[in-house]
Every structure is written in C-alpha cells, then in structure tokens.
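I opened the notebook to look up a few details of this structure and write each one down with its cut-offs.

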Amino acid sequence: MKTTIGMISFIAVGLLAAILFGFRPEATRNLPFDEEQTGLTDRIVIKFSHVVAENTPKGLAATHFAKLVKEKTKEAVEIQIFPNGMLYTEDTEVAALKRGDIQMIAPSFSNLSAVDSAWLVMDLPFAFSDQQAVDKALAGELGTLLAAAMEKHHIKSVAFWSNGFKQMTNSIRPLRVPEDFAGLKFRMLPSDVVISQFQALGATTEKIPFNQVFASLKKGIVNGQENTISNIFTKQLFQTQHYMTISNHGYLGYGVMFNESFWDELPPSIQAELQSALTETTEWMMRNTAAMQEQQLGQLKQLKDIDIHTLTPQEREQWVRAFLPIYDQYRDRIGEALMKEITRPK
Ligand code: LMR
C-alpha cells in the first residue's frame, strides 16, 4: 500500500514539474522575451551615432564602451550604436544631438571646428610630433579649453578618442614635395585650417561626407584625400589610389559628446559609471589604435597597386615651411590661450 502511494506521489510530482517546466505548449515557449517582465522598462537608452566602419578604432571603441556600460550599470543603461552614417552623417549629427534625436556622437576634431573655431587648433599641420604629445595636450589645459568651448553650444564634451595621424593619398603621382600637389584636387575634412593646408600646397579641395569618399575618388571627382591608415584601409580607399605618403602631417581624433540636458538629467551614479566606462575605453583605445594602424599598414604594403612613400626629413622640412603661415593666419580665430598650448613645428 505504502509503495503504491509512494509511486503515485512520485508520478504526480513528476507530472507537475513537466507541466510547469517541460511540457509548456509550443506557443507559450516561443513567446517573445518582454523586458517589462524583468523590470527593465526604465532602462536608459543612449543612441550613439557615428560615421565610420565598425572595425575602425572609433567603431571598436563604441562597441567596447557599450559593453562596459552594460556591465557597469547592470543593464540599466543601453548604448545603441548606429555606425557608418546610417542614421546621420557628419553634416547632420550635431543638429540631431542638439535636438535630442540622438544622445551621443563622436565627430572628428575637424567636424567640431565647424561648431566652434577653438577646435581648429587640432588641425594645425605638424602641431604634434607624436601620439604622446597629443595625449599630453588633451589631458592638460588644451583639453580643458576644448571641452569648455562646447558649453556655449549646450553640448557636453566627455572624452577625447584617438585615430592617429593622417596620411596623403592620390591617384596621379607620388607626393613628396609641395610642388607635387600643384593642380590636384583633394577631398577635405570640413575645417578651414585643412582648406588652408591644401592651398599652401597648391591644391584645391572639395568637402565630401566620409561615406561618399570612396565613390568620389573612384569617379575622379577628386584625385586624392588625407586620412588615417584605418580609415583608408577599412573604406578600401586604396583601391582608387596609386600613391600614399606617410606624412603624419595632421592628427585625427574625436570629441565624444552628449546632448547636454540629457547628460545633466542623468542620475549622478549613472554619470559616474558612464564616465568610468569612457575613461577605460579611452585607455583601451590608446593601447589598441597604434597596433591596428601598424597591422593595416603592413597589409597595404603587400598590395602591388599602391606605392607607399615615407616622407624624408628633408621633404618634411619643405612641407613645414609651406605650412608655417597658417599658424599666424589662424592665431586670432583659435585664440592665444589655445595657441600657447601647442608647439610650432620646426
Ligand atoms: C573623415 O571624415 O574622414 C573622418 O571624420 C571620419 C571619421 O570619423 O574618422
């Protein structure tokens, strides 16, 4: 008798468990996961728009940042990334940020110079001898002044990210001395200093959004362009360009920006977690960007169709001489406080 009751109880418990956990009808099991059930309807969503590929320093940093934020805030904050200019291009992203349609952007310094002329300082050719010089300047007074410049535009500047130095490419001839630029047309980043830089070399320019550079080079609308190795590599610009000069003449970095009122309304604890994730991402980027550019340059060197020349010290001297008047030309617009933070090249 006892054995029968035991067996019946065993079967009953088994059946109940199966009904509860195992034999749920197919329809119930396939119901979509609803975050409301896990109490996450209050999750803070940050839309982060940028214009480059996902496998570039900025694209990878964005992904790294999103992952850190997810961990640090225990999923209370979600960073949604929109790469490749799929949502907004450099021409429209600042306005979208100010409207609050997106909450976070990371435009290049050149793009930011269109918002505030203080950022022109970062485009002065040969202003920084190496990455260390850039990092030191941005961690000091120069960085403080650039971030402060955004306050009057109601934009919160929270970090500086790096993509390294720009190199010149074109499809017509090797670029060694200023005379080689005569008559050529270059795609330029939207910065007055960059226009002056090409004028000083005897070239003309056209402002073209980043995601149209490849097509413009291919169609011959412009003969050349300047960019970092990672942007040249990931956008496959090398397919249209027969010559590249490793000149390191200009720096391409990013200002990481938030919509100011969105940032101000975040709980202080969330601001602190975001700031900590940004600091970690910036450091991570510093460690990885140079290695990535080095590896991609190695791959470019394997290609037969592109001739890569590294500027000699004598050639560099000629470029520097051509660029020096730009420093005086922009001194007033940039302002003395920023100008004294950089070293005129020699
Ligand atoms: C460019 O327009 O070439 C750059 O600003 C792209 C980028 O964001 O790296």
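With the side chain of which residue does the side chain of Arg43 make a polar contact? I found that the partner is the side chain of Glu78, at 3.1 Å, where a polar contact is a pair of N or O atoms within 3.5 Å, one able to donate a hydrogen and the other to accept it, and residues adjacent in sequence count only if both atoms are side-chain atoms.

I noted that this is a predicted model, in which local features need pLDDT of at least 70 and side-chain atom pairs count only at pLDDT 80 or more, while totals for chains, interfaces and linings use all residues. Residues are numbered from 1 along each chain as its sequence is written, and side-chain values use heavy atoms, with hydrogens and water left out.

I then stayed with Arg43, whose side chain also reaches the backbone oxygen of Glu75 at 3.0 Å. Arg43 has a relative accessible area of 17%, so it counts as buried (under 20%, with exposed over 50% and partly exposed in between, for a 1.4 Å probe and protein chains only).

Next I looked up how helix H8 (residues 192-200) packs with H13, and I found an angle of about 150° with the axes 9 Å apart; helices are DSSP runs of H or I with at least four residues, numbered from the N terminus, and angles run from 0 to 180 degrees between N-to-C directions, with axes fitted to C-alpha atoms over the stretch in contact. That angle makes H8 roughly antiparallel to H13, a term for angles over 145 degrees.

Conventions: Helices (H or I, at least four residues) and strands (E, at least two) are DSSP runs, numbered from the N terminus. Angles under 35 degrees count as roughly parallel, over 145 as roughly antiparallel, 65 to 115 as roughly perpendicular and the rest as oblique.
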